[in-house]
Amino acid sequence: MEKKYQVFISSTFRDLKTARLKVRDAILSIYHFPVGMEMFGAADEDQWQIIKKDIDESDYYVLIIGKCFGSEVPGEGISYTQKEFRYAVSQGIPVLAFLMKDEAPVKP
């Protein structure tokens, strides 16, 4: 039986919604399991604990970087996307990063 991989998708949300959907669909098309903020349901647990658990259970971490900073983690001076990335790296999870070209048009 072929192994199925869980892939955590990370990016800012509103500006990269289409890119996230394309990555999700690509993962599903090869019969693996995407996870990301869209899949987090309401829970009593602290949201960061849920995110950490999902990253810990993932085989890969996909990072999509656009031009927006995203929501800042209170008191840390970094975005949630940065915090997720740093955590995935600290756990030794392989990272696939996609960067938007500087000349790519972006809506204000």
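In what order do the four strands of the open sheet stand? The order is β2-β1-β3-β4, with parallel pairing, where two strands pair if DSSP finds at least two bridges between them. The model is predicted, so local features need pLDDT of at least 70 and side-chain atom pairs count only at pLDDT 80 or more, while totals for chains, interfaces and linings use all residues. Residues are numbered from 1 along each chain as its sequence is written, and side-chain values use heavy atoms, with hydrogens and water left out.

Strands (E, at least two residues) and helices (H or I, at least four) are DSSP runs numbered from the N terminus. β2 (33–35) and β4 (95–99) stand at the edges of the sheet; each has a single partner strand, so one side of each lacks a neighbour in the sheet. From one strand to the next the twist averages 20°. Strand β1 (residues 6–10) runs parallel to β2 and is joined to β2 by three bridges. V7 stands opposite P34 in β2.

Helix α3 lies across β1, β3 (60–65) and β4, and runs at about 150° to β3. Axes are lines fitted to C-alpha atoms, for helices over the stretch in contact, and angles run from 0 to 180 degrees between N-to-C directions.

The axes of helix α2 (residues 47–56) and helix α3 (residues 80–90) come within 10 Å and cross at roughly 40°. The contact (heavy atoms within 4.5 Å) is made by W48, I51, K52, I55 and D56 of α2 together with K83, E84, Y87 and A88 of α3.
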